[in-house]
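Open the model in your viewer and keep the sequence beside it. The stops below say what to select and what is there.

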Amino acid sequence: MRRTKILVTGASGFVGSALVKRLADSPSYDTIAAVRTNDFNCPHGAAVCKVDSLGLDTDYRDILAGVDVVVHCAARVHIMNDTGADPLAMFRLVNVEGTLNLARQAADSGVNRFIFLSSIKVNGDRSQFSRPLTPDDTPNPSDPYGVSKFEAEVGLRKIAESSGMQLVVVRPPLVYGPGVKANFYAMMSWLNQGIPLPFGAIFNKRSFVSIDNLVDLLYVCLEHPNAGNEIFLVSDGEDLSTTELLRILAKALGKPARLVPVPVWLMRVAAILVRRRSLSTRLFDSLQVDISKTETVLGWTPPVSIDKALNLTARNFLETNGL
């Protein structure tokens, strides 16, 4: 019996590597991991192919031969306080032009389904009035990264409609888990050092998704008959305030949560003065997503609770740092 052949782009990244590991453990799939680096530690059971860039001129025809499903995780990722001369042009080059080049070749090669890892930033950077964001909301991207992901979705939809290749779009919020970097790692480092933080009175609500839950949804989307030509939001199914998140992480790290209740309005002013408005949005505003469509259409629920996922993340942080 022929096994389904899967191509995962961005396979050395945080999400891509976790997905490749999950696929390599399955007897149902032949997996190709597309990477840009030579030092990717590919799981046994998956094949590696080198791709120099995700650009307009990249030729994927040999790689796509016989592929049934493409899971496109490669992207120019969101950068806080991007100082490039034209950030939107740089995001468009990779996230729009590069993505559409791959999709056109996938359609021409007979790929059945193209799964695009997008971003909740297509919806916007906040939810308001206790109304979670939904897949049917009018897109409202507020930064170059979100704009590029939205434009890629629009272009992919046109390719799917003209070719018959099914498109599945998944928009995650902040993804965390063992090995997470950037701001999430910084928060754990602050908590572990016992540094007092002025985040003791933040009453927002934000959705997060653990790497295990996101990978599980992507795995379901590979062949689920109801996934084709749909947009899905994903989360852990439980929303936390920034204060609640920090308290849970501190407990998981075995440290006291030294959170000072500084008024949010004062911290917003300080963030504006030091030109960190985007960071203040992430810390103080709400961003809730509604995953009811994902649950109903796919029969999917997050398999890992947020408490367990945060504990696994904290444990990995301690082990990695020899603590």
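A charge sits over a ring if NZ of Lys or CZ of Arg is within 6 Å of the ring centre and within 35 degrees of the ring normal. Bear in mind throughout that this is a predicted model.

**Charges over rings**

Begin with lysine 293 and phenylalanine 232. Lysine 293 lies over the face of phenylalanine 232, 5.5 Å from the ring centre. Then select lysine 181 and tyrosine 185: here the lysine is over the face of the tyrosine, at 5.6 Å from the ring centre.

**Aspartate 290**

Aspartate 290 is in the loop between helix H9 (277–284) and helix H10 (292–298). Leaving aside residues up to four places away in sequence, aspartate 290 touches Pro132, Leu133, Thr134, Pro135 and Leu233.

**The sheet**

Now show the strands. Seven of them form an open sheet with parallel pairing, in the order E3-E2-E1-E4-E5-E6-E9. The edges are strand E3 (46–50) and E9; each has a single partner strand, so one side of each has no neighbour in the sheet. From one strand to the next, the twist averages 20°.

Strands of a sheet pair through backbone hydrogen bonds, either parallel or antiparallel. Two of the pairings can be followed here:

- E2 and E3 are parallel and pair over five bridges. Select alanine 33 and its bridge partner in E3, valine 48.
- E5 and E6 also run parallel, joined by five bridges. Select isoleucine 115, which stands opposite valine 168 in E6. Five of the six residues of E6 are buried.

**An aromatic pair**

How many aromatic pairs does the structure hold? There are five. One of them joins tyrosine 29 and tyrosine 219, edge-to-face, with 5.7 Å from centre to centre and 90° between the planes. Tyrosine 29 belongs to strand E2 (residues 29–35) and tyrosine 219 to helix H6 (residues 211–221), so the pair ties together parts that are 190 residues apart in sequence. Both tyrosine 29 and tyrosine 219 are buried.

**Helix H4**

Select residues 144–163, which make up helix H4. With 20 residues at 1.5 Å a residue, H4 should span 28 Å; its end C-alpha atoms are 28 Å apart, which agrees. The buried residues of H4 include Tyr145, Lys149, Glu153, Leu156 and Ile159. What do the buried residues of H4 pack against? They pack against helix H3 (87–108), strand E5 (113–117), strand E6 (166–171) and strand E9 (230–233). After H4 comes glycine 164, which has a positive phi, near 90°.

**Helix H5**

The last stop is helix H5 (residues 182–192), where Phe184, Met187, Met188, Ser189, Leu191 and Asn192 are buried. The parts covering these buried residues include strand E7 (174–176), helix H7 (242–253) and helix H11 (306–320). Step just past H5 to glycine 194, whose phi is positive, about 75°.

Methods
Residues numbered from 1 in each chain as written. Predicted model: local features only at pLDDT ≥ 70, side-chain atom pairs only at ≥ 80, totals over all residues. Heavy atoms only, no water. Helix = DSSP H or I, 4+ residues; strand = E, 2+ residues; numbered from the N terminus. Expected span 1.5 Å × (residues − 1). Buried < 20%, exposed > 50% of the residue type's maximum accessible area, 1.4 Å probe, protein only. Contact = heavy atoms within 4.5 Å. Phe/Tyr/Trp six-rings, centres within 6.5 Å; stacked < 30°, edge-to-face > 60°. Pairing = 2+ DSSP bridges. Axes fitted to C-alpha atoms, helices over the stretch in contact; angles between N-to-C directions.
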